[in-house]
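Take a moment with the sequence and the 3D view.

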Amino acid sequence: MDEGLDDLKYSSEALAARFLLFQGLNEINVIVEDTNKEYIYETIFKRLLGEQFKISAIFAVGGKLKVKERYHEFGEITEGIRNFYIVDGDFDRYIYSDEMIDASCFIYLKTYNIENYFLDEDACVQFAKGRLKQMDKEVRAKINFNYWKNRIVQEASKLFLCYCFIKKYHPTIETVSRSSYLFIDIKTGFEQQNGAYQEYWQSVIELDTDAQNKIDKIDAIYQNVNGPDYFNLICGKFLLDSLYCYLRNIFGSKFNHNDFKWHLVNNFDISKLNYIKDAILQVRDSFD
């Protein structure tokens, strides 16, 4: 899409017009970052909120900066309808905490992004069962979900600490948008054993003679927020790619990545997002 048309599509004027278009059809307005993922958020919010609210449209505006702009433009209420802004956690809590918006209607995910929540053992077992054609106990043992999760999180934590450092001190350099497969071995789902990370680490060190010390400080801030589990630091899309490769190796055959993701969207433990539901209900009750 032409850049000018793209800006128009996600402008405050365009969003205001859409708010009015769905007036009476939405009981709350939900504004998110990810364009072309409205159907995913609709599914999630239907699972999360049930029949408590009618939501006929999700407003995806194209990035966190634009969500923040829309918050400053529209605030908590538009034409009597309460607005809720949902954004990725990303690295904000560890490097941009002073810039985070503190408002009851502006909700930062506790994880890196929404995909982190899809990574659910029971949903994964259910998906694997139809392919392995075994009983639950056998499937659970074979996929060994916690082994996969603990290993890839530990392996990838060093990479994402580097990404966090670069995001803070060298923000023009590409980080999370790099292909997962520059680090992940497609045959195992785990870290490549060809020295790819060591080579990347060397390039990071060359950016800044104090890189190690700065990364250690970011690490300390992260652990102060989340403890020693690095799951929330790592992009859920990266982890999903890892899990896909890991399961493909177990199944001994390929399967569709998008179909797998869609299964997880519809079957992950939705209670992990109860903090979003609680925030929405609390704001609603405060206005009643």
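**Rings that meet**

Count the aromatic pairs in this predicted model, and the total is 25. Take one of them. Phe 183 and Phe 238 have ring centres 5.8 Å apart and planes at 50 degrees, so this pair is tilted. A tilted pair falls between the two cut-offs, because planes under 30 degrees apart count as stacked and those over 60 as edge-to-face. The two partners come from distant parts of the chain, 55 residues apart. Phe 183 sits in the loop between α9 (145–169) and α10 (196–205). Phe 238 belongs to helix α12 (residues 236–251). Both Phe 183 and Phe 238 are buried.

Now turn to Tyr 222 and Tyr 230. Their ring centres are 5.2 Å apart, with 10 degrees between the planes, and the pair is stacked. Are these two residues buried or exposed? Tyr 222 has a relative accessible area of 0%, so it is buried. Tyr 230 is buried too, at 9% relative accessibility.

Rings can also join into a group. Phe 160, Tyr 163, Phe 183, Tyr 197, Tyr 200 and Phe 238 form a cluster linked by ring pairs. Charges meet rings as well. Arg 47 places its charged end over the ring of Phe 268, 5.1 Å from the ring centre. Lys 149 lies over the face of Phe 231, and here the distance to the ring centre is 4.5 Å.

**A helix with two sides**

Look next at helix α4 (residues 64–74). Its buried residues are Lys 64, Val 67, Lys 68, Arg 70, Tyr 71 and Phe 74. Where do the buried residues of α4 fall, seen down the axis? They lie within an arc of 160 degrees, so they line one face of the helix. The face turned away from that buried side carries Leu 65 and His 72, which are exposed. Just after α4 comes Gly 75, with a positive phi of about 65 degrees.

**Empty space**

Rolling a probe the size of a water molecule over the atoms shows where empty space is left. The largest pocket has a volume of about 560 Å³. It is lined by 23 residues, and closest to its centre are Glu 33, Lys 64, Asp 90, Tyr 112 and Lys 167. Helix α4 returns here: with three residues, it gives the largest share of this lining. By class, the pocket lining has 11 charged, eight nonpolar and four polar residues.

What about cavities? The whole structure has one cavity of 30 Å³ or more. The largest cavity holds about 30 Å³ of space. Its lining is made of Tyr 41, Ile 44, Phe 45, Ile 86, Leu 109, Ile 114, Leu 273 and Ile 276. Helix α3 (residues 38–49) gives the most to it, three residues. Which classes line the largest cavity? Eight residues are nonpolar, with no polar and no charged ones.

**Backbone turns to notice**

Most residues other than glycine have a negative phi. Asn 36 is not a glycine, yet it has a positive phi of about 70 degrees. Asn 36 lies in the loop between β1 (28–32) and α3. Its relative accessibility is 61%, so Asn 36 counts as exposed. Lys 133 also has a positive phi, near 55 degrees. Find Lys 133 in the loop between α7 (121–132) and α8 (136–143). Its relative accessible area is 68%, so Lys 133 is exposed.

Definitions and conventions:
Residues are numbered from 1 along each chain as its sequence is written. This is a predicted model: local features need pLDDT of at least 70, side-chain atom pairs count only at pLDDT 80 or more; totals for chains, interfaces and linings use all residues. Side-chain values use heavy atoms; hydrogens and water are left out. Rings of Phe, Tyr and Trp (its six-membered ring) pair if their centres lie within 6.5 Å; planes under 30 degrees apart count as stacked, over 60 as edge-to-face and the rest as tilted. Helices (H or I, at least four residues) and strands (E, at least two) are DSSP runs, numbered from the N terminus. Buried means under 20% relative accessible area, exposed over 50%, partly exposed in between (1.4 Å probe, protein chains only). A charge sits over a ring if NZ of Lys or CZ of Arg is within 6 Å of the ring centre and within 35 degrees of the ring normal. The arc is that of the directions from the helix axis to the C-beta atoms. On a 1 Å grid over the protein atoms alone, a cavity is a set of points where a 1.4 Å probe fits but cannot get out, and a pocket is an open set with protein on both sides within 12 Å along at least five of seven lines; lining residues have an atom within 4 Å of a point. Grid points are joined across faces, edges and corners, and a volume is the space filled by probe spheres set on the points. Ala, Val, Leu, Ile, Met, Phe, Trp, Tyr, Cys and Pro count as nonpolar, Asp, Glu, Lys and Arg as charged, and the others, Gly among them, as polar.
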